[in-house]
Protein chains: 2
Amino acid sequence: MVNLDKLFRPRSVAVIGASRNNQKVGHLVFKNLIESDFKGSVYPVNPKAKTVLNQPVFSSILDLPKKVDLAIVVVPANIVPTILEEIGQSGTKMVIIISAGFAESGPGGLENQEKLLAISQKYQLRILGPNCLGIINPSLNLNASWGEIIPKKGNIAFASQSGALAAPIIELANEADLGFSYFASLGNKADINEVDLLEFFNQDKQTSLVIAYLESFQEGQKLVDLAQKTTLKKPLVILKSGQTDQGARSAQSHTASLATPAKITKGFFNQTNIIGADNIRELINLTKLLNQLKNKKVGEKTVIITNAGGPGVLATDAIAKSNLSLTKISSTTKRKLIKLLPQETNLDNPIDLLGNADENTYYKASKIVLSDPEVDNLIIILTKQRGTKVEAIAQKITQMKTKKIIIPIFMGGKSIKKARKIFQESNLINFPAPQDAITSLAKIINYQKRLKVKTAPNKAKINSQKIKKILTQKNKLVFNEAEGFEILSACQINTPRFIVFGNQGQGLAALEKIKFPAFLKILSTEIAHKTDLGAVQKINSEKEFLKHSNIMNKKFNHPEFILAEAVNGEIELIIGVKKDYVFGHLLMVGAGGIYAEIWQDQSFRVLPIKKNDAREMLSELKIYPILKGARGKKTINLIEIEKALLSIAKLAESFPEIDQLDINPLIADSKTVVAVDIKISLS
Amino acid sequence: MVNLDKLFRPRSVAVIGASRNNQKVGHLVFKNLIESDFKGSVYPVNPKAKTVLNQPVFSSILDLPKKVDLAIVVVPANIVPTILEEIGQSGTKMVIIISAGFAESGPGGLENQEKLLAISQKYQLRILGPNCLGIINPSLNLNASWGEIIPKKGNIAFASQSGALAAPIIELANEADLGFSYFASLGNKADINEVDLLEFFNQDKQTSLVIAYLESFQEGQKLVDLAQKTTLKKPLVILKSGQTDQGARSAQSHTASLATPAKITKGFFNQTNIIGADNIRELINLTKLLNQLKNKKVGEKTVIITNAGGPGVLATDAIAKSNLSLTKISSTTKRKLIKLLPQETNLDNPIDLLGNADENTYYKASKIVLSDPEVDNLIIILTKQRGTKVEAIAQKITQMKTKKIIIPIFMGGKSIKKARKIFQESNLINFPAPQDAITSLAKIINYQKRLKVKTAPNKAKINSQKIKKILTQKNKLVFNEAEGFEILSACQINTPRFIVFGNQGQGLAALEKIKFPAFLKILSTEIAHKTDLGAVQKINSEKEFLKHSNIMNKKFNHPEFILAEAVNGEIELIIGVKKDYVFGHLLMVGAGGIYAEIWQDQSFRVLPIKKNDAREMLSELKIYPILKGARGKKTINLIEIEKALLSIAKLAESFPEIDQLDINPLIADSKTVVAVDIKISLS
């Protein structure tokens, strides 16, 4: 457990590289610290200067009158190691390295960064950076960064792997009156990374919402664990860039990051209930909305009132696309509305108040709708038409007393500027158009829904001893189908009935155990495309068995054979395990069949998983409706598929040496689930 | 051909229902007209008033001193028919009906609207509305609407099916200095619809860009034709709402619209090169960008320069998702950049100028990049960091002389406000974040790309006489498989070899023509689920043929049979024709197989199609990479699939009585394409 108190709440700070030149970062950091009304001591360190901004300068951290809590390093990259040695000697443990020129700048820089780590281990230092902007703690008036804009005080903790991207976000947040508990720029994450920050933000009482911009993940296993704990207490919103191959390459050169493909990120977010933001606009929207909602419970049942039909239709489209539900207006509520509204009003949802609606119409209609127990959220749309009293309506809406969610969508430019301000002052967020509001709301509703999911540990039982015996065969890293089938049996996963034999005589003798049709295959881990090479044949009779085993015997020079019964079913799935550099073992389930690679219908989890993850993984597949028995078809035996997923998860957890595992296909119907082919390899 | 000159350029206007009450729409419309510096004559008509706004009032349009070009009706719905009669008698032919209470308000209103149409036919009137905002022609200072905000003069024509949605769009457009040639609110589209407006906008020389918000389409065939002609001359951007089922229901109650499912809209847009906007923000972004680009040619090769790595990564993600290409920086360009930029600069695309980049760095780097012939577009990202001279950089960028596309993305709030203004004054659009800019740019590039596609007529040859003979059988609306196969043969589409027989003897006699395996089926158009009912059997030998034909003969009481050879292939497709209320015959091609309904991988075209549409339809499918031979597989015979599509298109065009046609599956491999099952019905 890392304690970042001295990073975020230092009582004394040294700026090493505090410069007289007001164009230099070392000057700016020192200036920020002494001008930001921070109550602790701040010492400039610079061997070449006597004073900086009228403060006496120390030539080394070792010359300071006392040991400081935090050292900030802003010197050229090549000097950083020497400086870090001195910091270590001084007894200071917490360091921010702002200097660039490390892992992000190529092999030489990476080598330099590794030097830093060696020194930090020697002295047990903790380092934020290098190549970062620093940190800000608004409640201490502490701006330990070279950033220009200080966020307001509040409850949002913000970690950014790009300092320069944080600047506009903080500026926009300030203009929206959003307050922050902490800001930290992660830079190259040589030591302190998102896991450390999350641990601190999770425990911090002042922080009620955590947001982050990340270009890569580190320490995946810890991150999953911590994210799961955090999201139970407070929402965690992450904008992850580098989600495409090109973007990942670009992130690599920016902060020396390891890539995580988008679909693995998605699985990780779902598993941990992280709210993923798709872009900067959405990150800001989610932050605003979560900050407004605080601990309010949000539901799916949404009503729209509007003075304009068009935006109502657009909002309806957005609601349908977000899987929210447009509440059916109850007859009780309709009776109340009829008394209020003109005869030609459409009382179905969206409720069209018509173009001449005034503040009272808006207020009373809203009140009636919000009093309906079947309504969770109210979206209030307005376009300024002739005579529309925009500010009066906004004012009246802010007077509404309700625990339910109100989202105003007042559309336009200057004409709604004052209304936007009125809402902001009452902690309501005005959205400029329906779609963004509704997409963000849907994500927040989904977050709250997942909070209610009951989790249970994965209690799948596997015969570890039997599996161990197979996996620990001397020098064996790749396993044949028969060994694979035995491992699956030890995991209580069905396989086809099969026999293994070396010569035709043995085969014939065992043939009575097998039903036709069956597949005769060469038992080899070395033949890659068995079908193309004639190493697989469908067999319908003893006669065909004799014929094809003869041909294959000649062709492959007395090989070992496996004969396995053909399996029929409704649907083909794929189950896989692979090792990820960041997250360790990943479990995948996906749609199988000939188009599997086109549809890319897969869902992922980081292992270990919980019991409920198995069903959730299936429910994230596009083919889930088919599994559930869409179009009058029988429901596929989901319980058995879940069991198979949980067993494979347990298998990979119990045998970390498994590098890759592929069951393709897993054939399922309403009754049985059978793993028809399996590949396992160790690392 | 409708001439809307008198709607958009009237020399005289009467406002029927011009009211003294300044809260009434009739007052507002009249006020707008006389206060907007319109040079034509404007007459108020109102039997109950002597003057309105100091103008003498006429009690009927029949009392006016002369026949007016345009009559605007703003009276209660129930009086509108009477007023329309008078307009007809007065000789005025062009009418705007602003009054609401017609088709949008239920069955009674619809009846009322039909009355209007009867009157308009009697007098050959043309009506815009009812239930609309009116029209605006900024170049004539003509505000014939009750809207408050007049757009600036310019070259954008804007049609909106929601008047109230137009208001914020026009306000935002004004603030972005966008100028309009015309604005028209369509309302219920009882008479004048998007086809009429498009015809006018297409021919209008002042209009260089057409944008529209539509909740429904009308006269699909004409619309396709006109959209195709228009987009060759000027871009046409449409935001179509009601794309979800819920949204369509909501549009229905708003403007009495017929629904068009999203995937048909997509096919229609692709076929006509309409640029589809997904939401209001995108409509505005596309409008801004198209207005900036004018006739500039845009290409796909994009370079990003940035002073911040994070937004560069996000922009790269957006480019990859939009299928644009991030240009590889040439060694020549790199050599030039090395001289300019600090050593640690990343010269790969995105080019990171680093946080301290000033106006000269931005200017020179941009100039170097733009001089590279391999670069089409330059995206210039900036976040305000300590010392960043935002305005100076903006100013310098506007001085760049180039025919290539420059898109500034200066991020932040107040700190970039002035820069935004500087760009706006130089006709450059600043985007607040990368994604929106890149998505819109990609759509515009795609529009220009499609302009270059060479089209050719569909010259598929079908044997119409033979088909006619089958389709015109007495009282027959549904056709059996054998008849379907004959029609396909007449369209030069392969079918399996088959025989039809009534008794086993005939069947046996013909059996030598057929190869096993084959499918024995009952030849009936009445049995819906043949497989489930035992009306289909796979047959591998004469023996099996005898057995199963016996069983089926008993079960179905001496039916007619069809025996058709089984067909193997790599891939299953579906080809369909159906009739749409708005567009007429639609052609569909989609992925077949058991998951067809889940993937919904289909593309549509309105018939008739051109030759190139067949390939384009296929290229819009998600399985197109498989058809093209992804993963080392052989290319499917695309030429034959295209031929089949073109033949089916020709078939449906030649026989408009075809109500529905389904080829499911069409089985294809690298050599042959065979229609294995077909259903045809007439209306």
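1. Chain A first: it has 24 helices and 30 strands, where helices (H or I, at least four residues) and strands (E, at least two) are DSSP runs numbered from the N terminus. Keep in mind that this is a predicted model, in which local features need pLDDT of at least 70, side-chain atom pairs count only at pLDDT 80 or more, and totals for chains, interfaces and linings use all residues. Residues are numbered from 1 along each chain as its sequence is written, chains are lettered from A and ligands numbered from 1 in the order in which they are written, and side-chain values use heavy atoms, with hydrogens and water left out.

2. On overall dimensions, the C-alpha atoms of chain A fill a box of roughly 95 × 80 × 35 Å along the principal axes. Of its 683 residues, 60% are buried; buried means under 20% relative accessible area, exposed over 50%, and partly exposed in between (1.4 Å probe, protein chains only). Taking the contacts in chain A with a separation of 6 or more, 70% come from residues 24 or more positions apart, a contact being heavy atoms within 4.5 Å.

3. Now the surface and charges. Chain A exposes about 28,500 Å², and carbon and sulfur atoms supply 50% of that (Shrake-Rupley method, 1.4 Å probe; for residues, only the protein chains shown count as cover). The chain carries 90 positive and 64 negative charges, whose mean positions are 5 Å apart. Lys and Arg count as positive and Asp and Glu as negative, with His and the chain ends not counted; each charge is placed at NZ of Lys, CZ of Arg, CG of Asp or CD of Glu.

4. How much area do chain B and chain A bury between them? The figure is about 6,200 Å², with 60% of it on carbon and sulfur atoms; buried area here is the accessible area (1.4 Å probe) that two parts lose on being put together, summed over both. In chain B, the residues that lose the most area to chain A are B:Arg386, B:Tyr595 and B:Trp599, together 13% of what that side buries. In terms of contacts, 78 residues of chain B meet 78 residues of chain A.

5. The interface also has four salt bridges between chain B and chain A, a salt bridge being a side-chain nitrogen of Lys or Arg within 4 Å of a carboxyl oxygen of Asp or Glu. One pairs B:Arg281 with A:Asp436 at 2.8 Å, N to O. Another is B:Glu148 with A:Lys384, at 2.9 Å. B:Glu148 sits in the loop between β9 (142-145) and β10 (152-160) of chain B and A:Lys384 in the loop between β18 (377-383) and α14 (390-398) of chain A, so this pair joins two chains. B:Glu148 is partly exposed, at 34% relative accessible area.

6. Over all chains, the whole structure has 62 salt bridges. Within chain A, A:Lys122 pairs with A:Glu85, the closest N and O atoms being 2.9 Å apart. That pair links distant parts of the chain, 37 residues apart: A:Lys122 is in helix α4 (residues 107-123) and A:Glu85 in helix α3 (residues 80-90). A:Lys122 is exposed, at 54% relative accessibility.

7. A:Lys334 and A:Asp348 form another salt bridge, at 2.8 Å, N to O. A:Lys334 lies in helix α12 (residues 331-340) and A:Asp348 in the loop between α12 and β17 (351-352) of chain A, so the pair ties together parts 14 residues apart in sequence. Both ends are partly exposed, A:Lys334 at 23% and A:Asp348 at 39%. There is also a network of salt bridges that links A:Arg450, A:Arg605, A:Asp613, A:Glu616 and A:Glu620.

8. Is B:Ile438 buried or exposed? B:Ile438 is buried, with a relative accessible area of 0%, and belongs to helix α16 (residues 434-451) of chain B. Leaving out residues up to four places away in sequence, its contacts include B:Ala315, B:Ala318, B:Ile319, B:Ser322, B:Leu324 and B:Ile379.

9. Some backbone spots to look at. The B:Gly129 to B:Pro130 peptide bond is cis, with omega near -5°, and B:Pro130 is in the loop between β7 (126-128) and β8 (134-137) of chain B. B:Phe516 and B:Pro517 are also joined by a cis peptide bond, with omega about -10°. A:Lys189 has a positive phi of about 55° although it is not a glycine, and A:Lys189 is buried, at 3% relative accessibility. B:Gln600, likewise not a glycine, has phi near 45° and is partly exposed, at 36%.
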